Amino acid sequence: MVKQIPITDLAVVIRSKNSGPLELTFDIIFKDQQSFDLAVASGIFSPALFADLYKIPESRVLSVVEYAPARAIKATILRNTVAGSVGDTDVYGAQQHAPLLAITVPMEGDEDADQG
Amino acid sequence: MRKLTVLSPTAILGYGFPKESFERGLQHNPDVIAVDAGSVDPGPYYLGAGVSFTDKAAVKRDLEIILPAARKRNIPVLIGSAGGAGAKPHLEWTEEIIKEIAAEQDLAFKLALIAADVDEELLLDNLESTEPLGPIAPLNKETVQQTSNIVAQMGVEPIVAALDAGADVVLAGRAYDPTVFAAEAVRRGFDPGPALHMGKILECAAIAAEPGSGRDCMVGILDGDGFEIFPPNPQRQCTIKSVAAHSLYEKSNPWLLPGPGGSLDLQDTIYEQVEPGRVRVTGTRYVADKHYRLKLEGARLVGYRTLAIAGIRDPLMIKELRSILDAVSDSVRENFESVPDYKLNFLCYGLDGVMKELEPTPQPGHEVGLIIDVVAGTQDDANTICSYCRSTLLHYGYPGRVSTAGNLALPYSPSDLKAGPVYEFSVHHLLAVPVEFRPLIQEVGGKSDG
């Protein structure tokens, strides 16, 4: 059976920031190697996930990258509004990470737990 | 083995640092003190308007400590992206602060100023050599002429030239963040890969430590094939994770970091914990581009802003809020058909104020904070439209209204705040023709100034 683990149980940093005025970039840094490996193995961290969370076409998701040295998964999307332009709501892009907090990572439950 | 030690006092000049950390940093006998002063992060206003986002007193406080310490040891001070955005007015602003300190503390030194502004004629003659860096319109004559300050992120070359000319203090306009930390290393023949990667981490000072802080010092020691990095403050530690994670920060891709003339390739980078709090980084390569390209930045004036802030607590009104705001927008449009090109935006905090159309859960709270944001071609037009919009909304008779005395809780009198000029990023492009950044050397203090 598949268990859903909240991302907040696996990650120590979930943040958003501009990477230049046209892009928003998200960093998810996992608390340990096991959590990072689990997240990578789940296969859910794809452009489709970020397109879905932010209700944007996949073409606006520029990259989803695993970065093992920092036990991190990083994604970058195009901003809907250039930073600081009239109508922008977040010049630094620092509060756009909130939808990521709702991610759950599927994990195959272990046999003992199922039987118990 | 030859080494080069660089002390980074603070993440941005003017952010401050503990004197004690700085003193501890000096005990490692740095060859260079370098500090980054800028960023485009605070948005287009500062570049466009030619003002700094850091405060003069705060910048002066940092330099009052850094400059005499460096002069006493006869080591260079390198400052990148002067005044935040690094255009001519920012450079002059910082130059003035440096000269004030030199006069007050009786310091004498050679000061190199390196302007990063790109000549309008050069750009107009080479429009076909520019390329948008992302989804922004190609550069044309009109955009170039409308843009008040256009700068290019310089590489290490002009800073090396300033050091070669004997500069004690180098004040660079807009510069690729790692350059001031790497210039002396490149000048002495160190591999630019590790030198620039060390600069990439040092430019944010102790942000890459645990606990992280932009207001504390960091030391980097470069050697033959890599560098070691650590915070002089014993309350902070560099860990493999804190340093590696910093390579992600504010970048699109952690494996390849592009800069002027080339990229840092981090595919084979290795991070090792050599001592508690101290990390060694090796394996970073510098890959030169076939053609040297520079990143241009520029911002243009788009109008003048007036805004009003109001609270809405009536649940009947909150339920109807979207349709009310649409109706008020229509009313404004009808009334000001003659005003060209104004923009009216409503920010609804408590609904979707932070994320707007990206908001996944737009459920209204029990109260909504509303900002009426108007940008128009003149301050008078912005004032007029904001005033009309605010009074229309205050008394708007929406379906089901029972609170007929007024729809808005206005916290301020005057209710409408004149926010002045508004800019937008108009240039965010690559330029493929060479730009000459020439250091101007002058003697500050001592005989020539007396």
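The model is predicted, so please read the values below as computed from it. Between the two chains about 3,400 Å² is buried, and the contact draws on 43 residues of chain B and 42 residues of chain A.

**The buried area**
- Carbon and sulfur atoms give 64% of the area buried between chain B and chain A.
- On the chain B side, B:Lys241, B:Leu248 and B:Leu358 together supply 18% of the area that this chain buries against chain A, more than any other three residues.

- One salt bridge is counted between chain B and chain A.
- In that pairing, the side chains of B:Asp41 and A:Lys17 meet at 2.6 Å, N to O.

**What chain B brings to the contact**
- Helix H10 (240-246) and strands S15 (294-312), S16 (343-349) and S18 (416-431) of chain B each give two or more residues to the side that touches chain A.
- The largest share, five residues, comes from S18(B).
- By residue class, this side of chain B holds 25 nonpolar, eight polar and ten charged residues.

**A closer look at chain A**
- Four helices and six strands make up its elements, in the order β-α-β-β-α-α-β-β-β-α from the N terminus.
- The C-alpha trace of chain A spans about 60 × 25 × 20 Å along its principal axes.
- Of the 116 residues in chain A, 52% count as buried.
- Among contacts in chain A between residues at least 6 apart in sequence, 60% join residues at least 24 apart.

Key
Residues numbered from 1 in each chain as written. Chains lettered and ligands numbered in written order. Predicted model: local features only at pLDDT ≥ 70, side-chain atom pairs only at ≥ 80, totals over all residues. Heavy atoms only, no water. Contact = heavy atoms within 4.5 Å. Buried area = accessible area lost by both parts, 1.4 Å probe. Salt bridge = Lys/Arg side-chain N within 4 Å of Asp/Glu carboxyl O. Nonpolar A, V, L, I, M, F, W, Y, C, P; charged D, E, K, R; others polar. Buried < 20%, exposed > 50% of the residue type's maximum accessible area, 1.4 Å probe, protein only.
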